[in-house]
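Please take a look at the chain below. A short report on its fold comes after it.

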Amino acid sequence: MGLLSNEVERSEIKPGDHIYTYRVVLAYSHHGIYVGGGKVVHFTRTDTLNATDDQTSECLYFPDCGFKHQNSSVLISCLDCFLHEGSLYRFEYGVALPVFIAKLRGGTCTMAPSDDEETVVHRAMYLLRNGFGKYDIFQNNCEDFALYCKTGLLISERAGVGRSGQASTLIGAPLAAMLSSPLKRLMPSPLGVATVSAGMYCLSRYATDIGVRSDVVQVDVEDLACWEIENRN
């Protein structure tokens, strides 16, 4: 694993690691928590549970691969089914600002520190039994699930983007381009406009990272359901 890539070998991961893999020719990434024993707990849309994204119904190696509780979108899969023939990457925590900026693609790292592996695995297994709410691509997705398992942090405000760096990338890039377009009148050079757009994009990623946001709160996993009722209505 280097500065520009988080790719790792299977022998390098350990319980409590936040891992991910890319789908559809690197179009998006799917995230989960490795809990040991070759198994991953992850969160996905209900309508994709039997689709090609997970391929758990045909697993020949783990009888409980794809197990989930009724009305929940948190499931446990074997590592092979989670990766679905994709490469394995490990999400980084507690990175320095220069490293965060250098990794241009969102959904690969955060400046927030991770909790210890025992706490992380406990959260993941608890949420496997109790669920993680309704899936939302911008506010409550698979990366948000993994980030919560690793840090215990939630966004206190309902409006706006969630913890996911991948979601902030989807929002930040078009926003940067839109905001920088009026500067074309002031900056005739395409390089100047590109530089400003890149700066706004990086600023957007930085501002939405859970390691620096001011609207994050620590919530114990056992209190999560009550917290959601009190703060989301």
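This is a predicted model: local features need pLDDT of at least 70, side-chain atom pairs count only at pLDDT 80 or more; totals for chains, interfaces and linings use all residues.

Residues are numbered from 1 along each chain as its sequence is written, and side-chain values use heavy atoms, with hydrogens and water left out.

**The whole chain**

The chain has seven helices and seven strands. Helices (H or I, at least four residues) and strands (E, at least two) are DSSP runs, numbered from the N terminus. Their order from the N terminus is β-β-β-β-α-β-α-α-α-β-α-α-β-α.

The chain holds 233 residues, and 49% of them count as buried. Buried means under 20% relative accessible area, exposed means over 50%, and partly exposed lies in between (1.4 Å probe, protein chains only). The accessible surface comes to about 11900 Å². Carbon and sulfur atoms hold 58% of that surface. Areas come from the Shrake-Rupley method with a 1.4 Å probe, and for residues only the protein chains shown count as cover.

Contact means heavy atoms within 4.5 Å. Take the contacts between residues at least 6 apart in sequence: 65% of these join residues at least 24 apart.

**The sheet**

Five strands form an open sheet with antiparallel pairing, in the order β4-β3-β2-β1-β5. Two strands pair if DSSP finds at least two bridges between them. β4 (74-78) and β5 (89-90) stand at the edges with a single partner strand each, so one side of each has no neighbour in the sheet.

| Strand pair | Bridges | Residues opposite each other |
|---|---|---|
| β2 and β3 | four | Tyr34 and Val40 |
| β1 and β5 | two | Ile19 and Arg90 |

Strand β2 covers residues 28-36, and strand β3 covers residues 39-43.

How many residues of β1 are buried? Six of the six are, so β1 is largely enclosed by the rest of the structure. In a regular strand the side chains alternate between the two faces of the sheet. Both faces of β1 are covered. His18, Tyr20 and Tyr22 are buried on one side, and Ile19, Thr21 and Arg23 are buried on the other.

Arg23 has a relative accessible area of 4%. Its side chain reaches the backbone oxygen of Leu83 at 3.3 Å. That is a polar contact: a pair of N or O atoms within 3.5 Å, where within protein one must be able to donate a hydrogen and the other to accept it, and residues adjacent in sequence count only if both atoms are side-chain atoms.

**Helices on the sheet**

Helix α4 (residues 142-151) lies across β1 (18-23), β2, β3 and β4. Helix α4 runs at about 35° to β2. Axes are lines fitted to C-alpha atoms, for helices over the stretch in contact, and angles run from 0 to 180 degrees between N-to-C directions.

Ten of the ten residues of α4 are buried, so this helix is largely enclosed by the rest of the structure. The buried residues include Glu143, Asp144 and Lys150. Asn141 caps the N-terminal end of α4, with a side-chain oxygen 3.0 Å from the backbone nitrogen of Glu143. Gly152 follows α4 and has a positive phi, near 75°.

Thr119 sits in helix α3. Thr119 is partly exposed, with a relative accessible area of 25%. Thr119 and Gly16 are 103 residues apart in sequence, yet their C-alpha atoms are 8.1 Å apart in space.

**The cores**

A nonpolar core is a set of buried Ala, Val, Leu, Ile, Met, Phe, Trp, Tyr and Cys residues joined through side-chain atoms within 4.5 Å. Which residues have the most contacts inside the largest core? They are Ile33, Val41, Leu127, Phe132 and Phe145, in a core of 22 residues. The elements that give two or more residues to this core are β2, β3, β4, α3, α4 and α7 (224-232). Helix α3 gives the most, with six residues.

Leaving aside neighbours within four places in sequence, Ile33 is in contact with residues including His18, Val41, Val120 and Phe145.
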